Amino acid sequence: MYNYIVTTMRVSLFQHILSVLPAEVAHNLRMRLMRAAGAMPMGRMWMKMLYAPKNKEPHPQVLGLTFRNPIGVAAGFDPDGDNLQNLGAMGFGFVEIGSVMSRRHPGTPRPRLKRISGKQSLLDRSGYPSLGLEHALGKVRKRRKHTKHLVIGCNISKMTSTHPEDIVKEYLRVFRNMYQYVDFFVINIACATSAKPYEPRTPDEIRAIIDPLFEFRRGQLDYRPVLLKVSPDLTREELDAIIDILIETPLDGIEAVAGSSAMAREMGCTTGGAVSGAMLTEKAIETVRYIAQKTEHNYPIIGSGGMMQPEDIKRMLEAGASLVALNTGLRENGMRLLKATTKLLNTPEIQEIAEITETPNTETTTEQ
Ligand SMILES: Cc1cc2nc3c(=O)[nH]c(=O)nc-3n(C[C@H](O)[C@H](O)[C@H](O)COP(=O)(O)O)c2cc1C
């Protein structure tokens with residue numbers, strides 16, 4: 001008990017130190033230390049004790065997969081899958097690795113991640129750095145002890161350097177290579193954090209990316225759900241068009257939302273960038289509520305954007321999200337956000353919310 005209290009105090013102090021370091025330095029330090037701690041004897045056991053939810057229920061069934069709990073890690077937090085084992089030990093329900101790029105992608109030169117003073121938000125101009133497909137494959141090929149029950153998603157975005165005519169091929173290349181090693185895919189069509197933003201919005205542009213993925217999937221023995229990750233800056237008409245795609249194609253769900261490029265522009269950022277964190281909370285919840293109502297709660301939605309405290313996550317689930325993905329909230333408030341939320345998940349009210357409707361998309365491998 002004494003050890004536990006001392007460790008908890010050290011964790012709070014550590015979070016305080018991180019909060020005064022530049023945002024990217026702080027995150028990289030956290031991830032490095034997490035790796036080092038995970039490699040130590042009993043390291044993962046401590047992580048489990050400190051952070052993992054004690055509740056065994058609910059086990060939401062979403063996308064045909066069983067999740068330990070509906071809270072996971074969004075893309076960009078562990079982009080190369082280096083901490084999958086540790087995040088698994090901490091008790092997250094899922095981790096979305098990526099964005100995975102077909103080759104090593106340096107992203108935008110540093111500094112590229114800035115805290116927005118007093119707003120619990122970040123201005124992300126990272127351009128999604130990635131160590132590339134080979135590295136990611138090395139991390140997901142073997143399911144080890146702590147990732148056995150962790151649902152792993154793969155997020156795919158385009159590289160800053162990808163030539164416009166190669167964009168479709170780029171998504172397909174990563175999809176094909178990762179297909180047998182992950183549980184689901186998120187296709188990010190809100191790539192706004194580099195000087196060459198890419199945010200396709202018309203149905204034709206979007207279908208050009210996802211149709212080849214469905215075609216590949218039809219030839220496979222195993223079914224991997226595919227979700228589309230959308231921008232918070234879409235007009236109602238653009239969002240309606242995406243909902244139509246969800247209903248009319250074998251798309252399995254939507255992740256809403258990515259960082260906001262419109263907010264970044266309002267802040268005077270003219271060379272690409274996206275705002276994440278608390279400034280996004282209301283917009284993210286409102287977007288999820290809209291999609292859920294429009295689709296009569298029939299399709300899985302991953303809620304993401306400004307989930308800074310347990311109350312935000314509760315509201316996101318109430319709005320209609322089946323799962324909730326965290327990024328800036330974990331960076332700024334620490335991993336204790338998971339544990340604090342699980343207390344709330346133990347309430348019967350939330351357990352009821354977290355009982356998920358299965359996707360009506362039942363594309364089979366024999367369908368041509
Ligand atoms: C530093 C950073 C890197 C990110 N990298 C990615 C990425 O590679 N792919 C992606 O789809 N989203 C990426 N995101 C977006 C997040 O996954 C998330 O959708 C967005 O930040 C909103 O959630 P949040 O407010 O909880 O951060 C990144 C966000 C941040 C702050």
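How many residues does helix α2 have, and how far does α2 reach from its first C-alpha to its last? I looked this up first. Helix α2 (residues 23-39) has 17 residues and reaches 25 Å, close to the 24 Å expected at 1.5 Å a residue; the expected span is 1.5 Å times one less than the number of residues. Helices here are DSSP runs of H or I, at least four residues, and strands are runs of E, at least two, both numbered from the N terminus.

A note on the model: it is predicted, so I keep in mind that local features need pLDDT of at least 70, that side-chain atom pairs count only at pLDDT 80 or more, and that totals for chains, interfaces and linings use all residues. Residues are numbered from 1 along each chain as its sequence is written.

I checked burial next (buried: 20 or more other C-beta atoms within 10 Å of the residue's own; exposed: 12 or fewer; partly exposed: in between; C-beta atoms placed from the backbone). A23, H27, R30, M34 and G38 of α2 are buried. They cover an arc of only 60° around the axis, which puts them on the same side of α2; the arc is that of the directions from the helix axis to the C-beta atoms. N28, R32, L33, A36 and A39 are exposed on the other side of α2. An α-helix has 3.6 residues a turn, so residues three or four places apart point the same way.

**α8, likewise checked.** I find L239, I242 and L246 as its buried residues. Seen down the axis of α8, they fall within an arc of 60°, so they line one face of the helix. The face turned away from that buried side carries exposed E237, D244 and E248. I then asked what the buried residues pack against: α7 (203-218), β9 (226-230), β10 and α10 (281-294). Contact here means C-beta atoms, placed from the backbone, within 7 Å.

**Strand β12.** All residues of β12 (residues 301-304) are buried, with I301 and G303 pointing one way and I302 and S304 the other. β12 pairs in the parallel sense with β10 (residues 253-256) over three bridges, and pairing needs at least two DSSP bridges. A256 has G303 of β12 as its bridge partner. β12 also pairs in parallel with β13 (residues 323-326), again over three bridges, and the partner of I302 in β13 is L323. From β12 the chain crosses through helix α11 (residues 310-319) to β13, a right-handed β-α-β crossover: with the strands pointing away from the viewer, the path from the first strand over the helix to the second runs clockwise.

**Core.** Which residues touch the most other members of the largest nonpolar core? I get F185, I187, V230, I254, V288 and V324, out of 93 residues. Such a core is a set of buried Ala, Val, Leu, Ile, Met, Phe, Trp, Tyr and Cys residues joined through C-beta atoms within 7 Å. I followed V230: leaving out residues up to four places away in sequence, V230 touches I189, A190, I242, I254, A256, V257 and A258.

**C191.** I found C191 in the loop between β8 (184-188) and α7. C191 is buried, with 26 other C-beta atoms within 10 Å.

Methods
Contact = placed C-beta atoms within 7 Å.
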